[in-house]
Amino acid sequence: MRFALTTAAVLLSTVATADEVNVYSYREPELIQPLTDAFTAETGIAVNVAFLKKGMVERLLAEGRRSPADVILTVDISRLTEAVDAGVTQPVTSEILNANIPAEYRDPDNQWFGVTTRARLVYASKNRVADGEVTTYEDLADPKWKGRICTRSGMHAYTLALTAAVVEHLGEDAAKSWLEGVKSNLARKPQGNDRAQVKAIWAGECDISIGNNYYFGKMLQDDEQTEWANSVNVVFPTFENGGTHVNVSGVAMTKSAPNKENALKLMEFLASPTAQAIYAEANFEYPVDPNTPASDLVQSWGEFIADDVNLATLGALRPTALKLMEEVDFDG
């Protein structure tokens, strides 16, 4: 089994070879190594991964045609859209990708493909929030939650994507009012990651928070964080005229791709039943392949109906969401 995990400071090979594929990834190494190991075992193709915390598009633009990267792996529709808009990806024609990935989770022009989905849900205190007390995203702006909500930065990609969904459902003016209402209900300034919000609920700093579903599984695996997770219930809110907001982790082929054939093989593998099952069991995410079930643990959290807004639409609304965040000074 051949696998090389690198940091962003380590240069990947700039010479195309028959048995490797180079990946720039925003996904944390421990989340993707089971997938790359399985791909290498199945194909004999080594996967070289450069894990980047930020600046992926800027790096690809700086490298231009000399970039060694074949594939990018990232989370959130806004980051996928950013890569496409910057011109660092290329369209891919694949019957496998189109067959295994529903249309709402892939780019209409075949520039990017979702490989998992994640629900943006509410974590609610078991002791201080009654069952059924929160049911919709719109409800988060209700004054009854004043001083009771924790969330991460409004400038984070996850928050912007949810705000873009609010714009799509309610319109720009109503979305701005919604943001103002949520801000007025915050128990503290936006800070930390999704797990930090659940910890704050456990500590009594707030009663509800917004976060991705897979963090619940990750907390249950961590001896320190299990107590945080056990202090909350998982709630799948919906829009009043829609379903539960979902986002994707996704893959795209770079414009420069020196190992184009291997890149396509990796992309198709990520949409295969084998990889989809790994995503489900190891990462607590929802497979995009409708024929691959979520893990038993994830299914135990309950069922929900995903919002049917095409994610490409939300990507296009990201600038509007960002503008509204700045106008209401959400993080201030």
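Biologist: At what angle do helix 1 and helix 11 pack?
Modeller: We're in a predicted model, where local features need pLDDT of at least 70, side-chain atom pairs count only at pLDDT 80 or more, and totals for chains, interfaces and linings use all residues. Residues are numbered from 1 along each chain as its sequence is written, and side-chain values use heavy atoms, leaving out hydrogens and water. Take helix 1 (residues 29-43) and helix 11 (residues 273-283), counting helices as DSSP runs of H or I with at least four residues, and strands as E runs of at least two, numbered from the N terminus. Their axes (lines fitted to C-alpha atoms over the stretch in contact, with angles from 0 to 180 degrees between N-to-C directions) are 10 Å apart, and the packing angle is about 155°.

Biologist: Are helix 1 and helix 11 roughly parallel or roughly antiparallel?
Modeller: Angles under 35 degrees count as roughly parallel, 65 to 115 as roughly perpendicular, over 145 as roughly antiparallel and the rest as oblique. The angle here is about 155°, so the two helices are roughly antiparallel.

Biologist: Which residues of helix 11 make the contact with helix 1?
Modeller: Contact means heavy atoms within 4.5 Å. Helix 1 brings L31, P34, L35, A38 and E42. On the side of helix 11 you'll find T274, A275, I278, Y279 and N283.

Biologist: How many residues of strand 2 are buried?
Modeller: Buried means under 20% relative accessible area, exposed over 50%, and partly exposed in between (1.4 Å probe, protein chains only). One side of strand 2 has E20, N22 and Y24, the other V21, V23 and S25, and both faces are covered. Strand 2 (residues 20-25) is largely enclosed by the rest of the structure, because the buried count is 6 of the 6.

Biologist: Which residue of strand 8 is the bridge partner of A124?
Modeller: Strand 8 (residues 208-212) has 5 of its 5 residues buried. Strand 6 (residues 113-125) pairs with strand 8 in the antiparallel sense over 5 bridges. Strand 7 (residues 149-150) runs parallel to strand 8 with 2 bridges, and I149 stands opposite I208. The partner of A124 is also I208.

Biologist: Is A62 buried or exposed?
Modeller: A62 is found in helix 2 (residues 56-63). With a relative accessible area of 57%, A62 is exposed.

How values were computed:
Pairing = 2+ DSSP bridges.
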